[in-house]
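Colleague: Could you walk me through this one slowly? I am still learning how to read a structure.

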Amino acid sequence: MAARKVVARLSQPHLLGIEPLSIEDIELVLATAQKYQTRTAHETRPVSRNDLLAGKSLVLAFFEPSTRTRISFELAADRLGMDVVNLALEASSVQKGESLLDTVKTLVAMRPDALVIRHQASGVPQFLARHTSVPILNAGDGLHEHPTQALLDALTIRDHKGRLDNLKVAILGDILHSRVARSNIHLLSKFGARIALGGPPPLVPKGFEKLAPGVTVCHELDQALAAADVVMMLRVQLERQREPLFASPAEYARHYCLTTERLARAQPDAIVMHPGPFLRGIDIAGEVADSSRSVIPHQVENGVAVRMALLELLAGGAS
Amino acid sequence: MKPLLIKNGRVVDPASKLDARRDILLEDGRLAAVEAKIERAGAEVFDAANLVVAPGFIDMHVHLREPGKESAETIQSGARAAAAGGFTAVACMPNTQPANDTALVTRYILAQAAQAGGARVYPIGAVTKNLAGEELAELESLRAAGAVAFSDDGHPVWNSRILRRALEYAAALNLAVIDHCEDPQLAAGGVMHEGDCALRLGLRGIPALAEELPVTRNVVMAALAGGHIHLAHLSTRGALEVVRRAKRAGVRVTCEVTPHHFTLTDEACREYDTRAKMNPPLRTADDVTALVEGLADGTVDAIASDHAPHTPTEKQADFESAPFGVIGLETAVALALDKLFHASKITLPRLVELFSANPARILGVEGGQLKVGAPADLTVLDLERKWTYRAAEGVSKSRNSPFDGWSFRGAAAATIVAGVLVFRR
Ligand SMILES: [Zn+2]
Ligand SMILES: [Zn+2]
């Protein structure tokens, strides 16, 4: 691999998505995350704590329910000594009809050092970033992007495969409604991976091939899986589909659940990933999820490390 | 009131195939003479040297928000914005609160318009009660009160049985039914054009098909019911292709295209810019090419702005929650001059026809041509005027334009309604 320029700071003031990031930005995040990792492919390490961001505060504004991503951010902030304000938005002014912008302007007036936002509408972090200079970390916007997930996935893949280029990655399931898929496609494509998308035809439109270089759409799961080094399963986003796009979960599972037999089409050392929460027996068979091929727990641990890195890089400036 | 004498202008009147230097005399609200040289003692003189004088431009599709949403626009602010954009008349859609589905509301609009100053205002009546698409509105009473067409714009007339009945009434009343062509199931949940850009932004799409299917239904229906159907704001190549074939087959169908659809593509949504959110959505570059071809070859009958004011608070939202619609009264003529005429896509007489003779014919209103005895409504154009549009300085009460900060070659130089100069740049 050609030597890449090493940079000390991100080219962007916010983390809105993977698409606007440069390869150097991504390398910087991954390198920074490495020092916070509690597990690699070969070893487990003690939890790393410091007071790098002591005295700084982080606001978590989750307009859409989430447990894992929120807790992962909380842990990340805590391990860096940050104060965390967890906004219970159900009980706040959003319910009283206050506009999104007014709610966020109020939050920003409290001078947090960074703002983590999850919202059910695509583009909300971009919209808010136009109105505030507080660093915004996108924790998932609608169907658009989920950049921290793609970064933790990249860290996990590199731990196991030693590289991000010259890989075949199969991403399977409900691609259309998946912000995880979009962010992963952008990231892996930047590094030159070959990306095969598979799933039910209405959930994997052909247009995805134009999203980034190196993407192919296969409606046959076996074709997508063939010789894959990495198999990334997606959860069926029942709550984001506004129309029935398949007959029933059972019908979906029959044709698209990742079983041991289907996984046999991939490389013998292929790893299996899932952003969680997964639907056992629907998008992934229990025996696959529990097998040694599955790196799902590793993804969760890397999530905290990557979010620590992002907080350091984005909220670490003089306050 | 003094007669008004417009001297030395290049007079372009497609209806009489006139494109020559002429003087025009306006007297008692009517056009009194169009001749090579007119002298008239006591007349006020408007020197139109180096300017184009055309029949008054009519924007046949605007939303004035009164009654009900006066914070975004009033009949007065809308009529004045129209005049500032070069329009002598507008036709306003009935999706107000309450909707214009009764003679009472039509009369209210006309009464407000009479005091507005600026452009004339022609009310369009609802096809169905409260635009709900279920029961016919009082079409005959609306017509008697002054409605110039029927439409449920904002919504399609989706029930085919209702559309058929409306066309039968409209045929007898000699008015057009204007349909907002949108298949509600195919468009459900969509906020922009379904295509690569929507996929990238993670926004739900409105496919071209959602417009093309009802366009097809509408022309078949018009052929059956015999009425005149006018298709609002067409935006796709496929829709124009259906209209082209129907016209060849002799169906009474007309259609309009907006300046934003012939200028912008779905890429304008790229930064989640809510000023690029409207319905129908901005389409692809190929659709833009097709719309321009249709404007040139006669498939498209009119340019209309679909002026849809929204307050800054409403539009200052994330893309998915923001309302559909953009304002366009003050930029429509400039966009047509710059992007169509100066770009050598259409001739000046064709441009004038798209803004005057054709909308007048579709709505069955006076005007649209420069014959003696016609209303003294004129639009004066400065083809070479270079200027920059600033939405914040606009006459409209709203600011939601995707063309804020754009520079144009060509502008409306003056607007004359009933012999009165209501706007001069
Ligand atoms: Zn409409
Ligand atoms: Zn409209």
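This is a predicted model: local features need pLDDT of at least 70, side-chain atom pairs count only at pLDDT 80 or more; totals for chains, interfaces and linings use all residues.

Colleague: Okay, which domains does the assignment give for chain B?

Modeller: The assignment gives domain 1, made of residues 4-52 + 376-424, and domain 2, which covers 56-363. The C-alpha centres of domain 1 of chain B and domain 2 of chain B are 25 Å apart.

Colleague: And how many residues of each are in contact?

Modeller: On the side of domain 1 of chain B there are 37 residues, and they are in contact with 46 residues of domain 2 of chain B. About 3400 Å² is buried between domain 1 of chain B and domain 2 of chain B, with carbon and sulfur atoms giving 67% of that area. Within domain 1 of chain B, the residues that lose the most area to domain 2 of chain B are B:Lys397, B:Asn400 and B:Phe403, which together make up 19% of what that side buries.

Colleague: What is the count of salt bridges between those two domains?

Modeller: The count between domain 1 of chain B and domain 2 of chain B is 1 salt bridge. The side chains of B:Arg120 and B:Asp377 meet in a salt bridge, with 2.6 Å from N to O.

Colleague: Switching topic, which residues coordinate the zinc ion (ligand 1)?

Modeller: The zinc ion (ligand 1) is coordinated by B:Asp153 through OD, B:His180 through ND1 and B:His233 through NE2, at 2.0 to 2.1 Å. B:Asp153 also coordinates the zinc ion (ligand 2), and the two zinc ions are 3.5 Å apart.

Colleague: Why does the pair B:Asp153 and B:His180 tie together parts that are apart in sequence?

Modeller: B:Asp153 lies in the loop between β9 (149-151) and α4 (160-173) of chain B, while B:His180 lies in the loop between β10 (176-179) and α5 (184-187) of chain B, so the pair ties together parts that are 27 residues apart in sequence.

Colleague: Last topic: how much area is buried between chain A and chain B?

Modeller: About 1700 Å² is buried between chain A and chain B, and carbon and sulfur atoms give 50% of it. In this interface, 26 residues of chain A are in contact with 15 residues of chain B.

Colleague: Which salt bridge does B:Arg270 form there?

Modeller: B:Arg270 forms a salt bridge with A:Glu19, where the closest N and O atoms are 3.5 Å apart, and the rule finds 3 salt bridges across the interface of chain A and chain B. Across this interface of chain A and chain B there are also 10 residue pairs in polar contact, both residues at pLDDT 80 or more.

Definitions and conventions. Residues are numbered from 1 along each chain as its sequence is written. Chains are lettered from A and ligands numbered from 1 in the order in which they are written. Side-chain values use heavy atoms; hydrogens and water are left out. Domain bounds come from an automatic or database domain assignment. Contact means heavy atoms within 4.5 Å. Buried area is the accessible area (1.4 Å probe) that two parts lose on being put together, summed over both. A salt bridge is a side-chain nitrogen of Lys or Arg within 4 Å of a carboxyl oxygen of Asp or Glu. Donors are N, O and S atoms within 2.8 Å of the metal (3.2 Å for Na, K and Ca); water is not among the atoms, so sites may look incomplete. Helices (H or I, at least four residues) and strands (E, at least two) are DSSP runs, numbered from the N terminus. A polar contact is a pair of N or O atoms within 3.5 Å; within protein, one must be able to donate a hydrogen and the other to accept it, and residues adjacent in sequence count only if both atoms are side-chain atoms.
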